Amino acid sequence: MRLEGRSLRVVAALAAYIIKGMALSVRWHEEGDASVRALIESGQPFLLAFWHGRGVMVAHAYWRVGGRKIKILVSEHRDGELIAATMAHWGYGAVRGSTRRGAVKGARGMLRAAHAGYDLAISPDGPRGPREVLQEGVIELARISGLPIVPVTYSARWAKRFASWDGFLLPLPGARGVILWGEPLRIPRDANKDTLIALQQTLEATMIDLRQRADARVGRIEMQDKIS
């Protein structure tokens with residue numbers, strides 16, 4: 001069912017209330033945040049990158065390190081409307097588009113936001129996967145905008161893992177959780193194709209490793225990690 005008007009606003013407000021409440025109830029341990037805090041304190045905008053399945057707590061993670069204003073790339077699919085309306089309750093803006101459908105529109109909107117001094121946020125395996133396969137859009141956006149890419153993830157032992165394509169992980173109230181930040185990665189504006197491909201592979205490996213380390217910190221083992 002497509003939510004519109006008042007129904008959309010009500011559901012978004014309720015979702016934001018629930019997410020905020022759950023985030024504040026989790027006993028978070030944070031690692032690797034020194035670099036992102038330094039960027040924020042210096043006034044250097046950056047591009048926040050996180051896997052789609054580990055996105056629900058990113059707004060809280062950004063708030064914890066003192067983030068001020070951010071634009072999030074949100075899918076043009078119907079569920080993107082709800083996500084955008086929910087994020088508005090955190091004071092965060094949205095740009096509609098994706099790494100695939102609506103990519104040109106999304107890139108233009110994100111570049112305008114970057115030029116206006118906003119931090120940017122993107123899930124580079126969204127909106128429909130494959131899971132934890134990094135699309136090239138985030139690399140190209142970082143190259144053109146000049147913003148460093150900052151990977152982030154979270155995990156919690158007591159959490160609900162949904163049977164969705166992205167393995168969506170929702171920490172439960174009172175859980176012990178961890179937020180891990182990666183080191184900023186800069187993409188040279190004059191990088192050639194081979195360099196861009198190598199940086200894309202590096203970022204993908206870094207984000208997978210970051211997620212695995214977060215899971216290990218709280219004692220989670222994901223199915224694909226068992227297989228691999």
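Let me start with S123. Leaving aside its neighbours within four places in sequence, S123 is in contact with F50, W51 and H52. Bear in mind that this is a predicted model. S123 sits in the loop that runs between β5, residues 119-122, and α6. Is S123 buried or exposed? Its relative accessible area is 13%, so S123 is buried, the cut-off for that being under 20%.

What is phi of E132? The value is near 55°, which is positive in a residue other than glycine. E132 has a relative accessible area of 9%, and therefore is buried.

Now the helix that follows the loop. Helix α6 covers residues 137-145, and its buried residues are V138, I139, L141, A142, R143 and S145. Just after α6 comes G146, with a positive phi of about 80°.

Next, the packing of α6. Two packed helices are described by the angle between their axes and the distance between the axes. For α6 and helix α7, which spans residues 193-218, the axes come within 10 Å and cross at roughly 115°. Which residues make the contact? From α6 there are V138, I139, E140 and R143, and from α7 there are L196, L199, Q200 and L203. Sorted by class, the contact of α6 with α7 has 5 nonpolar, 1 polar and 2 charged residues. The hand of the α6 and α7 crossing is right-handed.

One more residue in α7 is R211. R211 has a relative accessible area of 0%, so this arginine is buried. R211 and E222 are 11 residues apart along the chain, and their C-alpha atoms are separated by 9.9 Å.

On to the rings. How many aromatic pairs does the structure hold? There are 4. One of them is F46 with Y62: the ring centres are 6.4 Å apart and the planes stand at 55°, so the pair is tilted. F46 lies in the loop between α2, residues 34-42, and β2, residues 47-49, while Y62 belongs to helix α3, residues 58-64, so the pair ties together parts that are 16 residues apart in sequence. Are these two buried or exposed? F46 has 0% relative accessibility and counts as buried. Y62, at 1% relative accessibility, counts as buried too. F46 and Y62 form one aromatic cluster together with Y92.

Last, two lysines placed over rings. The charged end of K71 sits over the ring of Y118, at 5.1 Å from the ring centre. K160 lies over the face of F162, and there the distance from the ring centre is 5.6 Å.

Terms used: Residues are numbered from 1 along each chain as its sequence is written. This is a predicted model: local features need pLDDT of at least 70, side-chain atom pairs count only at pLDDT 80 or more; totals for chains, interfaces and linings use all residues. Side-chain values use heavy atoms; hydrogens and water are left out. Buried means under 20% relative accessible area, exposed over 50%, partly exposed in between (1.4 Å probe, protein chains only). Helices (H or I, at least four residues) and strands (E, at least two) are DSSP runs, numbered from the N terminus. Contact means heavy atoms within 4.5 Å. Axes are lines fitted to C-alpha atoms, for helices over the stretch in contact, and angles run from 0 to 180 degrees between N-to-C directions. A crossing is left-handed if the near helix is turned anticlockwise from the far one by less than a right angle, and right-handed if clockwise. Ala, Val, Leu, Ile, Met, Phe, Trp, Tyr, Cys and Pro count as nonpolar, Asp, Glu, Lys and Arg as charged, and the others, Gly among them, as polar. Rings of Phe, Tyr and Trp (its six-membered ring) pair if their centres lie within 6.5 Å; planes under 30 degrees apart count as stacked, over 60 as edge-to-face and the rest as tilted. A charge sits over a ring if NZ of Lys or CZ of Arg is within 6 Å of the ring centre and within 35 degrees of the ring normal.
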